[in-house]
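Here is a friendly briefing to read beside the model. Keep the viewer open and follow along by topic.

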Amino acid sequence: MPKPRQEDTMAGQIEPTFNWETRIPHTVVLMLKSTEEDLILKACQSLYKFAHEGELNQNLLIQYDILVLLLDHLEHPNRNVRRMSAMTLSELSANNSVQSVLVSSENVVRLVRVLREDDDCVVDEVASSALLRLASDATGRAMLLGYEAVGSLVKRLTSKDPDVLKNCLDTLLVLLDFPQAVQTFVESGGVSNALGLLGSDYPVLQSLSLSALRKAMRSEGGRIAIRDEGGLEKLITLLEDPKLEDLHSSSLSVLDGAILDINNIHAIHEFGGLVNLLTFIQTTTVLDVLEQCGFLLAKMSENAEVREIFHELSVEPVLVSSLLATGHAGSQNGAARAVGHMCHMLEAQEELVRLDVVTILLSMVSNPEAFQSAVMALAAATHNHQQACRQVCGSGQLEQLVGRLGIHDDETVSHTATALRNLSEQETLRPVVAASSAPERLVACLAADSPAVLVSVCDALGVLCLNLSARRQVVQYDAAQLFMDLLEHESGAVRDACVRTLQVIGSDFSAAEQLCSGGAIGSLRRLRATSTLKIIMEVNLSALYSIFGRLGVRHKLYDLFFDCGRQETCEAVPDLATLMEQPLSHTRLVYLLHSGACPYVSDEGRPAADHAQPPHRQEEIATDGQSAEQVATEQGQLVTERPPSDRTLEGVRQQHTEGEPAEAAKSSTSEGEPEQVRPLPDARLAAYVEHARLVVQPLACDRAQSSALAQFVAQRLGGACGTLACRAPYGAVAPGRHWNTVLLRGERQMALLGPYLDTVVDLMHEPGRLMPADSADAVEYTSGLGSRH
């Protein structure tokens, strides 16, 4: 038989000496197909030695499709065959060409099955190593997830071979980034097996196990499992051992995920773990670990029940002395957020302020790495706490705090605005805040996009503008247009906050004028913000009367008061000049009350709000739809005849110059014009008015004035159980109503000019009694005096 031709060897190739007659590798590969175990075992041994010699030999064996044969022998009944096949495969798997061959559904399934069913450490090491290499490739990861490799890897976490354990843990850490892998890990007992490795003699295995547990805490099942398996106690025990300092950070990371379940916090507290944790914080000196502890306490203190537990355990000194006082931005950040949460508890807030936490927080405001947390904590610490607010204003660092309004961070700006609102709520400190740059910077923040920022800024301005100086500054910075834009904001919370702020800012004459002329009336009507609407319309009684149909006893009619008719859907009430340019109509009543030489106008040309005297005389213009005398009868005003229809508004305004007496005005009339006709005075009415002026008006408040006036009216009509028909408010209900209502300022409201409450006045049974319109007494009173239809 001729000798087979020996294949040419490549340059530099070294072929090992075989125990058989042939030295051809191809022949040895064929021996792997034998049914005899001894031949297969010897072939594996020879191939292992051959592959161990170098990459060239490995490439040659790969050409002979040896991988498929070796993978088949991983499940051979003979243990030695399985081992040698695994060792040879291990040598070949280091070759880059092997990776593409292994990534096939059939081969992955075989490797996963081998790892799950074989308990031989050699085979397991090779299989787990192969799976680890597969996990480094996206396609391989997808196959491992699809063929339930996680369960097999979890089962091998009980192996006694550290290499197998490391390979399995490394592979699991790659796969646990996917939610489905986490669920499988928990369901297959991965939490229990990983906890068992915490007692390993190998720190690397302990660290890898903690990393796997940290990822398992992303699922609810993992958080429950670590509690049920006693893992919380083991984690706290690791923190108590100074020899395991390298594992402290990883242990805290697992706890950070576990406490997402409030039951785990209670479980830690029950076995004394929280006390041990606080002790650990006071003893450790590792700054990174302290940072983790600070954020861990912050996360736990978000829960109200935990805050009570922490307060009982005296967590406040730990936060201040062991974390904030370190000066390390990392530990300060977490501790400051914990302080912010703890300050929601009154007792804890009091203790923290006593420990001078405000001073430390203020020092952090200037730190670019810590100011976000510091501002958040200051917003909580100054809430309804006068001493904390005084410390901020007296520290000389108020401007640094205000400066954080310019940061491009919504959370920081929102908390800063909240802190400034807290300071402004202290009446004695409000001027200090107003004297800073806070008004200007807060107005600038009204252009922000974040609804949370806008709400906080509006609330801060609403309180700060109770100060006159601040209010004037806000008006000076043209905030009116910004507020009008916010009234149309898509967020309901922003619109509500804007309305609340306008109740204060609208008391300023200039701001109210801008709001009325800029379309705020329509926006406020759509929002049904009646109280705010009435406040800003104090500067425009004509618009107020046109919308609500009545004026209060506190209102004084000045030059150019006019009624343009009931406005139902208007965006803004038209002015007199616009009305006079429109053609007359019998359906539209327009009349003008003009006081001529009116000494009750301020230097700026607007009415003096604090003047109590009525105008000397009033003139009225009526359309063809109603005579001037009829209007005078209904309104109780003195009237003149209607001037020519082509009379301009400027002519009306210039009819009487300021300070000109009535006689001079009369003599200035041209000879061609008819003399104005004046109605005869009503002596009794004049006496009643004089009585009200001398007796009623000097009373201290509008409630006392209303009650006294009601008693006077009832007396003139015969005393108790007299009746007086009162004309219904303009367009509100049908005529014939038998009770009077007035608008009185609410007793508990702090706004400057309102809101005012609709109040029913008793003129019959107990004259002078005042009843809120929505009260049971008012309903009973008015029910018996209904409309006479």
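**Gln332 and the overall picture**

Gln332 is found in helix α23, residues 329-342; helices (H or I, at least four residues) and strands (E, at least two) are DSSP runs, numbered from the N terminus. This is a predicted model, in which local features need pLDDT of at least 70 and side-chain atom pairs count only at pLDDT 80 or more, while totals for chains, interfaces and linings use all residues. Residues are numbered from 1 along each chain as its sequence is written, and side-chain values use heavy atoms, with hydrogens and water left out.

**Around Gln332**

- Gln332 is buried, with a relative accessible area of 6%; buried means under 20% relative accessible area, exposed over 50%, and partly exposed in between (1.4 Å probe, protein chains only).
- Leaving aside neighbours within four places in sequence, Gln332 is in contact (heavy atoms within 4.5 Å) with Leu323, Leu324, Thr326, Gly327, Ile360, Met364 and Ala370.

**The chain as a whole**

- The protein chain has 46 helices and five strands.
- Of its 789 residues, 50% count as buried.
- Among contacts with a separation of 6 or more, 63% join residues 24 or more positions apart.

**Confidence**

- The mean pLDDT (the predictor's confidence in each residue, from 0 to 100) of the protein chain is 77, and 73% of its residues reach 70 or more.
- Residues 1-22 have pLDDT below 50, and this stretch has 24 contacts in the model beyond near neighbours in sequence.
- Residues 748-754 also have pLDDT below 50, with 12 contacts beyond near neighbours in sequence.
- Where pLDDT is low, the predicted coordinates should not be read in detail.

**Nonpolar cores**

- A nonpolar core is a set of buried Ala, Val, Leu, Ile, Met, Phe, Trp, Tyr and Cys residues joined through side-chain atoms within 4.5 Å.
- The largest one has 186 residues, and those with the most contacts inside it are Phe185, Leu297, Met300, Leu420 and Phe483.
- Phe483 touches Leu446, Cys458, Leu461, Val474, Cys498, Thr501, Leu502 and Ile505, not counting residues up to four places away in sequence.
- A second, separate core of 12 residues includes Val760, Met764, Met771 and Tyr781.

**Helix α33 and what follows**

- In helix α33 (residues 468-476), the buried residues are Ala470, Arg471, Gln473, Val474 and Val475.
- Their cover includes α30 (430-434), α31 (438-444), α32 (451-464), α34 (479-486), α35 (492-505) and α36 (509-517).
- Asn467 caps the N-terminal end of α33, with a side-chain oxygen 3.0 Å from the backbone nitrogen of Ser469.
- Asp478 sits in the loop between α33 and α34 and counts as exposed, at 52% relative accessibility.
- The phi of Asp478 is near 55°, a positive value in a residue other than glycine.

**Loops on either side of α25**

- Asp356 is found in the loop between α24 (346-354) and α25, where its phi is positive at about 65° although it is not a glycine.
- At 34% relative accessibility, Asp356 counts as partly exposed.
- Asn367 lies in the loop between α25 (357-365) and α26 (371-381) and is partly exposed, at 22% relative accessibility.
- Asn367 and Ala329 are 38 residues apart in sequence and 8.1 Å apart in space, C-alpha to C-alpha.
- Not counting residues up to four places away in sequence, Asn367 touches Ala329 and Arg404.
- Arg404 lies over the face of Phe371, at 4.0 Å from the ring centre; a charge sits over a ring if NZ of Lys or CZ of Arg is within 6 Å of the ring centre and within 35 degrees of the ring normal.

How values were computed:
Polar contact = N/O pair within 3.5 Å; in protein donor to acceptor, adjacent residues only side chain to side chain.
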